[in-house]
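Work through the exercises below with the sequence and the coordinates side by side. Each task is followed by a solution that goes step by step.

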Amino acid sequence: MSPQLAAERPRHREFVFGEATLTGRRVELSYALRGGPDPDVAFVETLELPVQVAPPDPSDPAVLRLLDGVHRTFGVSYFKAAVPPHIVAKPVASADAAFWDALYTEGLGEFYFTNDLDPRGHGGFPRSATAEPPPVAAAHPAGGRVIVLVGGGKDSIVAREIVRHAGLPAVGLSLGQHPWIARSAEAMGLEHWVIGRRLDPKLADLNAQGAYNGHVPISACIAAVSMLVAYAAGAAQVVVANERTADEGNLAWRGLDVNHQFSKSFPFEKAFGEWCDRQLSARAPRYFSLLRPLSELRIAGAFACHPEYFGAFTSCNANFRLRPTAPPARWCGRCPKCIFAWLMLAPYLRKDDLAGIFGGDLLEGEQAGAMLERLAGVTGHKPFECVGTAQECRAALSRLAGEGRLPRSVAAWYERSVAPGAGDAAQLWAAARAAGGPHRIPPEWETRLDAYLGSHGA
């Protein structure tokens, strides 16, 4: 960042929540940066709910509660431009305010770290002095349809296959349209519902002028708007595919557990689920991760049972940039996400299958060594990507080393830097694949998950 750009960063004192309006299927969310030495800036973000869903009733109290959640969640993109010390919003009950405070603190942890900002530099959301209002009754009680969130990767494919194995009707839902997401949904045999999104262009203008920028908890935004869609559609569940190992953060900093995957973690899922429970009656849709008890390594084993999808997914984030400079390759082969995805799948697949997916052995690339150092926990901190734990990476490396499948340079590095502390390879593999940990999966879905895993030898 040049000194000139740093000097031009917004210096507003307040982040203001304006109105959230619903007209047909169009949602408009207004915000403003206000006060301080710089001119006020007003924003309006627009969302378009899927055309397959009947327009929600804007007078329905349940819709209003969910709309307020969408409004507060999507505000993170605009708040971060200036990080004002004061948040101006309608006061809410203490438990709700604590949830929003966590989203704007822990949820933006990586953003604060990369910009060297105080993660607790804002005053939080206003609290109401009155008692917490009771949940409102659902005018559209949940039916039997399942919404599966689709992101274009292997995890949502596994979640979809569990739903298919259970024999339940499902549709796919995504925030925004993308060729790889559409290809994945088509391969899964899902009707694809798309939520349109238009960021206010003034945000890009501020970023070009030097406003603060960085990672936002986008999965939280998807969670909030997916609940509005599910309620309008009368769906029973919003099924997501977030794994247990998303709970592991990247580093500790200023008393904060900085986790790139905060909004994919169980702490977020639990807090968001509890917020939903405080807003809507028990007959409303339920949001939960069907893969929560599983590690990335275990999910990769399940995905390997479905070769029909090998050509229909990608995990490389170069494909999902907001403003790509050129059409990206399916895998860049250099980023932590690519190396990690290869490493998780390699123990389960033949060399030809891996080459067909990734275009070659990604561990032979020039960038692989430095990435493996971090992924395996040898140096530095866990990369700021949606990758699993060092334990999973060491388990996969140990498995491949035992089978003589590591490139010579990687094998030498493994024996020198990883093997001495890895312990028994079989025990390491079993521990990294073991299921367990807290979750919010309903009992009937636990049974369905177990049935799928048992039938697929995953």
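**Exercise 1.** Determine how many residues of helix α11 are buried, and which helices these residues pack against.

Solution. Helices are taken as DSSP runs of H or I with at least four residues, strands as runs of E with at least two, and both are numbered from the N terminus; buried means under 20% relative accessible area, exposed over 50%, and partly exposed in between, with a 1.4 Å probe and protein chains only. On these terms α11 is mostly covered, with 8 of its 8 residues buried. They are Glu296, Leu297, Arg298, Ile299, Ala300, Gly301, Ala302 and Phe303. Taking contact as heavy atoms within 4.5 Å, the buried residues of α11 pack against α6 (154-165), α12, α15, α17 (425-433) and α18 (443-456). The model is predicted, so local features need pLDDT of at least 70 and side-chain atom pairs count only at pLDDT 80 or more, whereas totals for chains, interfaces and linings use all residues. Residues are numbered from 1 along each chain as its sequence is written, and side-chain values use heavy atoms, with hydrogens and water left out.

**Exercise 2.** Carry out the analysis for helix α12 (residues 336-345).

Solution. Begin with the count: 10 of the 10 residues of α12 are buried. Among them are Lys337, Phe340, Trp342 and Met344. Then list the partners, where the buried residues of α12 pack against α11 (296-303), α13 (351-358), α14 (368-375) and α15 (390-402).

**Exercise 3.** Identify the residues with the most contacts inside the largest nonpolar core.

Solution. A nonpolar core is a set of buried Ala, Val, Leu, Ile, Met, Phe, Trp, Tyr and Cys residues joined through side-chain atoms within 4.5 Å. The largest has 78 residues, and those with the most contacts inside it are Phe74, Tyr104, Ile147 and Phe272. Its largest share, 11 residues, comes from helix α9 (residues 218-233). Apart from this core lies another of 72 residues, including Val148, Met344, Ala395 and Val418. For Phe74, once neighbours within four places in sequence are left aside, the contacts are Leu29, Tyr31, Glu45, Leu47, Leu175, Arg197, Cys221 and Val225.

**Exercise 4.** Find the aromatic pairs and describe the geometry of Phe15 with Phe17 and of Phe99 with Phe272.

Solution. Rings of Phe, Tyr and Trp (its six-membered ring) pair if their centres lie within 6.5 Å, and planes under 30 degrees apart count as stacked, over 60 as edge-to-face and the rest as tilted. A search of the whole structure finds 28 such pairs. Phe15 and Phe17 are edge-to-face, at 5.1 Å centre to centre with 80° between the planes, and both are buried. Phe99 and Phe272 form a tilted pair, at 6.4 Å and 40°. Because Phe99 lies in helix α4 (residues 94-105) and Phe272 in helix α10 (residues 266-279), this pair ties together parts that are 173 residues apart in sequence. Both Phe99 and Phe272 are buried.

**Exercise 5.** Locate the arginines that sit over the rings of Trp180 and Trp429.

Solution. A charge sits over a ring if NZ of Lys or CZ of Arg is within 6 Å of the ring centre and within 35 degrees of the ring normal. The charged end of Arg183 sits over the ring of Trp180, 4.2 Å from its centre, and Arg399 lies over the face of Trp429, at 4.3 Å from the ring centre.
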